Amino acid sequence: MTNGDIARTLERIALILELKGGENPFRVRAYERAAVSVRNMDKDVRSVYEQGGTKALQQLPSIGKDLAEKIEEMLKTGKLAYLKKQEKGIPAGLITILDIEGMGPKRTKELWDEFGIQSIDDLEKLAQSDELRTRKGWGKKSAEAILRGIAQHRKMRGRLPLPQAEPLARELVRSLQDCGHVQRIEIAGSVRRGKETIGDIDILATSDKPEEVMAYFCTLPQVESVTARGRTKSTVFLRAGMDADLRIVEEGAFGAALLYFTGSKDHNIRIRRLGIVKKRTLSEYGLFAGTPKKKGEKIAAKTEEEVYKAIGLPYIEPELREDTGEVQAAQRGKLPTLVQERDVIADMQMHSVFSDGKTSMADMARAAKTRGLRYIAITDHASPMGMVKGIRNTKKSVQTYLEAIEKARKQVPGIRILAGAEVDILKDGILYLNDELLRQFDWIVATVHQYFHEPRKETTARMIVAIRNPYVHMIGHPTARMLGKRQGIAYDMDTVLETARKHSVAMELNTSPDRLDLSAENLRRAKEKGVRICISSDAHAPQGLQYHYGILQARRAWLEQKDFINMQPWHTFNAWRTKRQASS
DNA sequence: GCCGTTTTCGGCCCGACTGTTTTCAGTCG
């Protein structure tokens, strides 16, 4: 069982307890919190358990004696008797109904008890009939809202990758600015936190004419339907297939509101609890003296900095706000100095027309130079796959390639160009190019492009063989995932990262918007193990030299400039590169 | 079920919107 499996099991228990009803809601919440805690961990729960037993598990946040024992059972048997017992009599399809907007546990239970619905299809039939429309507490509008919710659910199928959702959010902001009654406006929510996938878009604004702004928002051409419309909050469903919320707040409380609507929920809860200790109440309207019931004077609200300060914390960057230790780090003055886009001074993976790129090596180098990069590697493909043009496993092909690089160096002075190659890792971990050829390059990126579904054990061994190859400098897009399309290869990440550190091989942060590989979670694990990270665009054309989403991901992983081997001056980078070659 | 400068019991984040109600429960973030 992986961390994800354990988290999913705990979540499922929480859902079932809610559905059954009559349960202490805080107990439900405890299971949810524990699930989040396990999912966000940067270590394997299994290894924590193996090293320290249930006592060590109890050191984890939101895990007490009871849940430590349940996790132990899952790790030992792969099952959980408690879940089995709770599941008894609950139809599997019932839980999926909770994914429908507007259907929570209480309403779902009511319809299950009264009409025996067991699935989304059952719910649809019921909402189409007259039974709901005439039922006490429901009515015509409820039935229609449910049908709308079902239609959206079927259309949405999950979340959009950030590189698709963020431009949508920016476009909405631009449109709203055009309406003339918006003063301040900011993107909040998970887009602001730079999450890898986005469930909905949150926008926050101030306005002298809130009603007009809301009317304008609800009738934008991007909007397919309006879910809710009020004076301060409206929710719409976009044609692009996701919800967008707009909130209008008072100018004087913009900071408190931005903090609140940026989240995450768990971060908010964490800092509110800090407030309670100091007899303060924090809401989207500000930080107040007293309790929610007996609220006193306003202490801070204007800016996020001011609110954090009043609660005794330094400013915490949005990308860190996931309740994965950032509040504790802030209290101890140990927040990282997060990496920024301007720290990118080199790019260690890009392609030219020699393989599947769109432009010449010289054009790529010029574009990189214009962007302010000091050194780059041209890394055309070396792959046995017939469909991939590029470097072949022959002396002659490599010779031709190296000559082309040399020519580009002459054409574009003022930027250092490394002769690199992106070499396929074959099924057994051996590289496509032989050692005699590999040694002629300045920079070797090893990547997986085939055999994505081999067993975990074999894949782990395959990666280790590749890392041990003395000519390899970096593992490119290490899991080979494609966001929203392909899950990526599965292997024992901890073992592979430890091998990489031992052999001083860098792991790539590939900033290509459909890869973003490694993920933030794995990057953070890599950092904690002391593995070198190397950022690269994998650009196939000059406009592909982009780092925005990769940098956001790096920030979510707590990475700093010093964690990147290619954010160092050339001599530092080169010393590491040549030492790697010498020691191998 | 978790947790502790309110420490081993008694709390657990806070408020808006909707559809129904006539003062509110359920849902959402």
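Ser-264 sits in the loop between helix H13 (254-262) and H14, with helices (H or I, at least four residues) and strands (E, at least two) taken as DSSP runs numbered from the N terminus. A cis peptide bond joins Gly-263 to Ser-264, with omega at about -5°. This is a predicted model, where local features need pLDDT of at least 70 and side-chain atom pairs count only at pLDDT 80 or more, while totals for chains, interfaces and linings use all residues. Residues are numbered from 1 along each chain as its sequence is written, and chains are lettered from A and ligands numbered from 1 in the order in which they are written.

**Around DNA strand B**

- DNA strand B is surrounded by 45 residues, and the closest are Gly-64, Gly-104, Arg-107, Gly-139 and Gly-230; a residue counts as near a molecule or strand if its C-beta atom, placed from the backbone, lies within 6 Å of it.
- Which helix gives the most to the surface near DNA strand B? That's H14, with 7 residues.
- At least two residues each come from several elements, including helix H2 (25-40), helix H7 (105-115), helix H9 (140-156) and strand E5 (223-229).
- By class, this surface near DNA strand B has 15 nonpolar, 14 polar and 16 charged residues. Here Ala, Val, Leu, Ile, Met, Phe, Trp, Tyr, Cys and Pro count as nonpolar, Asp, Glu, Lys and Arg as charged, and the others, Gly among them, as polar.

- Three strands make an open sheet in the order E8-E9-E10, paired antiparallel; two strands pair if DSSP finds at least two bridges between them.
- E8 and strand E10 (295-300) are at the edges with a single partner strand each, so one side of each has no neighbour in the sheet.
- On average, neighbouring strands of this sheet are turned by 35° against each other, direction ignored.
- E8 pairs with strand E9 (residues 286-290) over 4 antiparallel bridges, and a hairpin of 2 residues joins E8 to E9.
- Ser-283 is opposite Gly-286 in E9, while Arg-280 has Ala-289 in E9 as its bridge partner.
- H14 turns up here again: this helix lies across E8 and E9, at about 155° to E8. Axes are lines fitted to C-alpha atoms, for helices over the stretch in contact, and angles run from 0 to 180 degrees between N-to-C directions.

- Another open sheet has 7 strands in the order E11-E12-E13-E14-E15-E16-E17, with parallel pairing.
- Strand E11 (346-347) and strand E17 (533-536) are its edges, each with a single partner strand, so one side of each is left without a neighbour in the sheet.
- Strand E12 (residues 375-382) and strand E13 (residues 416-424) run parallel and are joined by 8 bridges; one pairing puts Thr-379 with Gly-420 in E13.
- H17 lies across E11, E12 and E13, running at about 145° to E12.

**Helix pairs**

- Helix H17 (residues 361-370) packs on helix H18 (residues 395-411) at about 45°, with axes 9 Å apart.
- H17 and H18 are therefore oblique to each other; angles under 35 degrees count as roughly parallel, over 145 as roughly antiparallel, 65 to 115 as roughly perpendicular and the rest as oblique.
- Met-361, Ala-362 and Ala-365 of H17 make the contact with Ala-404, Ile-405, Ala-408 and Gln-411 of H18, where contact means C-beta atoms, placed from the backbone, within 7 Å. By class, that contact has 6 nonpolar, 1 polar and no charged residues.
- Helix H20 (residues 456-468) and helix H21 (residues 493-502) have axes that come within 10 Å and cross at roughly 10°, and H20 and H21 are therefore roughly parallel.
- The H20 side of that contact is Thr-460, Met-463, Ile-464 and Ile-467, and the H21 side is Thr-495, Val-496, Thr-499 and Ala-500. Its makeup is 5 nonpolar, 3 polar and no charged residues.

- Most residues other than glycine have a negative phi, and most peptide bonds are trans.
- Asp-323 isn't a glycine but has a positive phi of about 55°; Asp-323 lies in the loop between helix H15 (304-310) and helix H16 (326-331).
- A cis peptide bond joins Asp-517 and Leu-518, with omega at about 10°, and Leu-518 is in the loop between strand E16 (506-510) and helix H22 (520-529).

Definitions and conventions: Two residues are in contact if their C-beta atoms, placed from the backbone, lie within 7 Å.
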